[in-house]
Amino acid sequence: MAESQTSQDVVHPHPYVPRDLNLPGYIPCFLSQSNILSIYASFTISVFAVTWIFSGRLKKTTVDRLLIFWWAFTGLTHFVLEGYFAFTPEFYKDNTGFYLAEVWKEYSKGDSRYAARDAGVVTVEGLTAVLEGPASLLAVYAIATGKPYSYILQFAVSLGQLYGTAVYFITAILEGDNFSTNSFYYYAYYIGANFSWIVIPSIICIRCWRKIVAAVQVQNQTKKTKVR
């Protein structure tokens, strides 16, 4: 009599494109899409509440309070979520229901390059986690304490985010732009989930550019006045 097949031997077909993508040991998501998204939404709301209360006690302007929230949110996302992906190559084999693995199993329906460990994606996400994650959290401190390097730091990190997002989309286009399970995941995950990291960094870059230029103009004017 043949021995019963263990759970490790069971082959689970993955939902990703291309269908012939080889993912030995793939384990389907334990959490539903609604559960995954609701937990992430709860995290976002919690970060907003904590930073809003904290920045309010510091008597910061509304713009600074929103920026503190953004940099805390994006910093934790880069450092924790993207850091997990970068340094956990076989997340698709997770059989414990660990939330971070579940996120990437689900997100890979919108971009299977994550499950496939595409070299370009891993590089972008790794650099983002290691460099931009801590730098974003440093921006929270810089804004909260009014450090003079706040604007140049925000400008630099935002440029890095825009560069990483551009590489992310351009490499997908050059490789055929065919990594989503269907149009829903394409627009909801691949496009929608990354939209904030195009719009918000662009706005921050423009704001910081104006602040830096204005400061330099004042400095130059002061120097001219002293010369006279």
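Q: Which residues is Tyr-168 in contact with, leaving aside its neighbours within four places in sequence?
A: In this predicted model, Tyr-168 touches Tyr-107, Asp-111, Arg-113, Tyr-114, Val-121, Tyr-190 and Asn-194. What makes these contacts is heavy atoms lying within 4.5 Å.

Q: What makes the largest nonpolar core a core, and which residues have the most contacts inside it?
A: To belong, a residue has to be buried, be of a listed nonpolar type such as Leu, Phe, Trp or Tyr, and be joined through side-chain atoms within 4.5 Å. This core has 26 residues, and Leu-23, Phe-91, Trp-104, Tyr-114 and Tyr-168 have the most contacts inside it. At least two residues each come from helix H2 (62–87), helix H3 (99–107), helix H5 (150–174) and helix H6 (183–227). H3 gives the largest share, with six residues. There's also a second, separate core of 21 residues, with Val-140, Ala-144, Cys-205 and Cys-208 among them.

Q: How do you know which secondary structure the protein has?
A: Count the elements: there are six helices and zero strands. Going along the sequence, that gives the pattern α-α-α-α-α-α.

Q: How do you know that the length of helix H1 agrees with its number of residues?
A: H1 covers residues 33–57, which is 25 residues, and at 1.5 Å a residue the span should be 36 Å. The C-alpha atoms at its ends are 37 Å apart, so the two agree.

Q: Which residues of H1 are called buried, and why?
A: They are Ile-36, Val-47, Thr-51 and Ser-55. They get that label because buried means under 20% relative accessible area. As for partners, the buried residues of H1 pack against H2 and H3. An α-helix has 3.6 residues a turn, so residues three or four places apart point the same way.

Q: What makes the phi of Lys-59 worth a look?
A: Its phi is near 60°, a positive value in a residue other than glycine. Most residues other than glycine have a negative phi. At 72% relative accessibility, against a cut-off of over 50%, Lys-59 counts as exposed.

Q: Why is Arg-117 called partly exposed?
A: The relative accessibility of Arg-117 is 21%, which falls between the 20% and 50% cut-offs, so partly exposed is the label. Arg-117 also has a positive phi, near 60°, in a residue other than glycine. Look for Arg-117 in the loop between H3 and helix H4 (119–145).

Q: How do you know that the peptide bond joining Val-17 and Pro-18 is cis?
A: Omega is about 0° there, and the bond is cis. Most peptide bonds are trans. Pro-18 lies in the segment before H1.

Q: What does the protein look like as a whole?
A: The C-alpha atoms fill a box of roughly 100 × 40 × 30 Å along the principal axes. Of the 228 residues, 39% are buried. Among contacts between residues at least 6 apart in sequence, 72% join residues at least 24 apart. On the charge side, the mean positions of the 18 positive and 15 negative charges are 26 Å apart.

Technical notes. Residues are numbered from 1 along each chain as its sequence is written. This is a predicted model: local features need pLDDT of at least 70, side-chain atom pairs count only at pLDDT 80 or more; totals for chains, interfaces and linings use all residues. Side-chain values use heavy atoms; hydrogens and water are left out. Buried means under 20% relative accessible area, exposed over 50%, partly exposed in between (1.4 Å probe, protein chains only). Helices (H or I, at least four residues) and strands (E, at least two) are DSSP runs, numbered from the N terminus. Lys and Arg count as positive and Asp and Glu as negative; His and the chain ends are not counted. The place of a charge is taken as NZ of Lys, CZ of Arg, CG of Asp or CD of Glu. The expected span of a helix is 1.5 Å times one less than its number of residues.
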